[in-house]
Amino acid sequence: MFKYLIFVILIASSQGKLTIDSDDVLSLIRQAGYRGISYQITTEDNNGWILKLHRVFPKRRMANTMPVFLMHGIITNSVDYVITGKNKALAYLLADNNFDVFMGNSRGSRHSFIDRKTANYSNLWNFSFNEIGTYDVAAMIDYVLRLTGKSKLFYVGHSQGTSSLLALLSNRPEYNSKIIQAHLFSPVAFMKYLPNPHARKIVLPFLDMCIQNNVKFLNFTKIITSVSPLTRVICDVSMNPFWSDLCKSIIFLFAGPNKYKLEIDPDLLLNLTDYLSPLLSVQQMNHYMQLYRSGKFRKYDYGRRNVQTYGTLEPPDYILSNVKVPTYIYRGTEDSLASRRDIDHLIELLPNVKYNRIIPNFNHVDFNFGSRSRLNKFIDMLKSLTVLILIASSQGKLFQESDNVLELIRQAGYQGAAYQTATEDNGWIVKIHRIFPKRKMTNTMPVFLMHGLIVNSMDYVITGRNKALGYLLADNNFDVFMGNSRGSRYSFVDHKRANYSNLWNFSFNEIGTYDVAAMIDYVLRLTGKPKLFYVGHSQGTTSLMTLLSTRPEYNSKIIQAHLFAPTAFMKYFPNQIVKSIIAPLVENAIQRNLKLVNLTEILTAANPLTKIFCNTAINPVTTELCKSFIFAFIGTNTFHSEIDPNILPIFVDHISYTISLQQIDHYMQSYRSGKFRKYDYGMNNMKIYGTTEPPEYNISNIIAPIYSYRAPEDLLSSRRDIDHLIELLPNVKHNRVIQNYNHADFNYGSRSRGILYYDVLKFMKSDPIYNH
């Protein structure tokens, strides 16, 4: 009976509830200034374990917030991901970047406990990473997905947190579909070349003795209680640096050394033992030692009971070919618990490794406790995770409530719909918004509207019912479709097809060649029409010319192409701010191999400001100042009220959060070269194009009827460049200069319906196909 009483250490009450004041993780979360909560989960093996799940809410709750699940290693718990504090810990970094962070706790850890009504005490401690993965991790993943309403999540695991995931995905491969990416810190599976001599010479014989004496778990409570005051003395740098180095040396004996003696945050050493789990399953540790002895990654070896348990004399190997989730590997050169050769062997067997990074001078515990971790590994991981901004769900479904375009269409009194189409190249899925014609008639024709850089389909409805082009066309019996390019607010990623290392390597070239092509084909299939009208603004014109030049067969699918502020040649690019400030910044970012710009924090911070600073109702003077700032980039006009003042306070809400650097750089290359040509990859041009210089777009291929509209006050496309384009295009039907217009007035101008849109409508209605 007394043997079972020791389990009470894990039980906070007879109801299986943990007391809130004992939760050091929640205390740390709140002390750091974040909102936290915890949940309790029962595992499905019905063995009495109840697990605690900690949550750090994102700093800014948004519709596209995605969950990330973090899983700790052996002896520790969820405190691993918050213990280094606000400016260092991974959990806070993720929460700051709009992720919904969940931190798991395995059975036997500090934040697990026992339901005495269901517990089978004789079997309670017979578990290892196999059960932790197959039951604990599975239960927590399912709980998170139910709670958040998402179908997938991101996974980050350290040490045993990697072993348990590999066990889960091997044993229950259906869980692959619930994980977007798996980031494995110091992955432990094969241990044939375990480098730590202390583990081999001390831990291994000790575990053998425990197994022989039928000891099921180790109770470290008294040891930790005794050691804790000692660590506060010998691990305190301020008291004696020598003792602090000795303290670290003891840790390095097991975790591995590093060249930076301050890699482990010295502030952690003082209280580290306070957070360790007081109890540990012997089978949990012995399973790892079995992996070392056998050199295989296989299930627990029960000896004579293997036949009864598995039906074989030897325990079965885990089937790593079942682990199909995209896997990102991070390992330290000084890790004494996970060897290079063993990890190399693991990577050879995993079928979907996307990334494999070796971090110099990192040992086993530096992944969570290292003072430089945020600067090293986590930034790399966030490069992959930023794709999340574009993901609304793992099923490729966008959340209806996050669709501002559909909401505006319905508020304006029109019937709207949204469709998704996949591009043929790299895993992008783009959304098409539709405004149904007011009166359905047999001769209804489709019109496809394409937005410019940084924006999205919102451009064609944002000015409202009596002004926006989308509504005018619907009122005149056109079936209106509005496209969205990759990287825009209404695009996202198909994880099954995406090549994340290459995902953001695109510009208007790929947008035209793949995105616009896919959307045109989708619209024509949906409507049963052979052709459509096209309207594009800025990048929406560049992408069409790219498509028609590269894939000239698409000319036959365009009735008329109406180009607002056509952008191709940029030799006489007039914007001094872009040339002197933005272009050098982009060039520097490209040299540093950055792929995208995340505008989330800038836009979120700017949003409340624009609602005050640009609101005519509050202060007309500041509104004019707001416009002047915008005009500095896009060009001014004689009518200062041309941009509808009601748009300015909400404009920031609607622009895209991310943009490809290659997307901007391609335009800057057009300015530097003075040519309209494909992206310049420098030394890689020969490999990609077969020439040292990128090929020019063949403008003579663009034989669709072109209607050009330009603005003399436009600071992003010059008169001389457009004149040169008009000279080369073989089928220009109309070339109009709209006085006192700038680059943004085409979509946001308060007078655009009367000045521009009726002109477009007249040409469309005069086409024979409209009256056929």
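Contact here means heavy atoms within 4.5 Å. The structure is a predicted model of a chain with 772 residues, of which 59% are buried. Its secondary structure amounts to 27 helices and 22 strands.

**The chain as a whole**

- Among the contacts in the chain with a separation of 6 or more, 79% join residues 24 or more positions apart.
- The chain has an accessible surface of about 30,800 Å². Carbon and sulfur atoms contribute 56% of that surface.

- Tyr-460 is located in the loop that runs between β14 (445-450) and α16 (469-475).
- Because its relative accessible area is 0%, and buried means under 20%, Tyr-460 counts as buried.
- Neighbours within four places in sequence aside, Tyr-460 is in contact with Leu-449, Met-450 and His-451, with Ala-468, Leu-469 and Gly-470, and also with Met-482, Val-535, Gly-536, His-537 and Asn-747.
- For one of these residues, Gly-470, the C-alpha to C-alpha distance from Tyr-460 is 5.2 Å, although the two are ten residues apart in sequence.
- A polar atom of the Tyr-460 side chain lies 2.8 Å from the backbone oxygen of Met-450.

**Asn-363**

- Asn-363 belongs to the loop between β11 (353-359) and α13 (366-369).
- With a relative accessibility of 0%, Asn-363 is buried.
- At 3.0 Å, the side chain of Asn-363 reaches the backbone nitrogen of Val-365.

**The pairing of β21 and β22**

- Strands β21 (residues 706-710) and β22 (residues 732-737) are paired in the parallel sense, with five bridges.
- Between these strands the chain passes through helix α25 (residues 719-728), which makes a right-handed β-α-β crossover from β21 to β22.
- Within the pairing, Ile-706 stands opposite Val-732 in β22.

**Salt bridges between separate parts of the chain**

- The whole structure contains 27 salt bridges.
- One of them joins the side chains of Arg-107 and Asp-45, with an N to O distance of 2.9 Å. Arg-107 is in the loop between β4 (99-103) and β5 (112-114), while Asp-45 is in the loop between β1 (36-42) and β2 (49-56), so this pair ties together parts 62 residues apart in sequence.
- Arg-107 is buried at a relative accessible area of 1%, whereas Asp-45 is partly exposed at 25%.
- Lys-557 and Asp-521 also form a salt bridge through their side chains, at 2.7 Å from N to O. Lys-557 lies in the loop between α18 (539-550) and β18 (558-564), and Asp-521 lies in helix α17 (residues 508-527), so the pair ties together parts 36 residues apart in sequence.
- Lys-557 has a relative accessible area of 21% and is partly exposed.

- The side chains of Asp-723 and Arg-719 meet in a salt bridge of 3.3 Å, N to O. Because these two residues are four residues apart in helix α25, about one helical turn separates them.
- Asp-723 is partly exposed at 24% relative accessibility, and Arg-719 is exposed, with a relative accessible area of 55%.

Definitions and conventions
Residues are numbered from 1 along each chain as its sequence is written. This is a predicted model: local features need pLDDT of at least 70, side-chain atom pairs count only at pLDDT 80 or more; totals for chains, interfaces and linings use all residues. Side-chain values use heavy atoms; hydrogens and water are left out. Buried means under 20% relative accessible area, exposed over 50%, partly exposed in between (1.4 Å probe, protein chains only). Accessible areas come from the Shrake-Rupley method with a 1.4 Å probe; for residues, only the protein chains shown count as cover. A polar contact is a pair of N or O atoms within 3.5 Å; within protein, one must be able to donate a hydrogen and the other to accept it, and residues adjacent in sequence count only if both atoms are side-chain atoms. Two strands pair if DSSP finds at least two bridges between them. A crossover is right-handed if, with the strands pointing away from the viewer, the path from the first strand over the helix to the second runs clockwise. A salt bridge is a side-chain nitrogen of Lys or Arg within 4 Å of a carboxyl oxygen of Asp or Glu.
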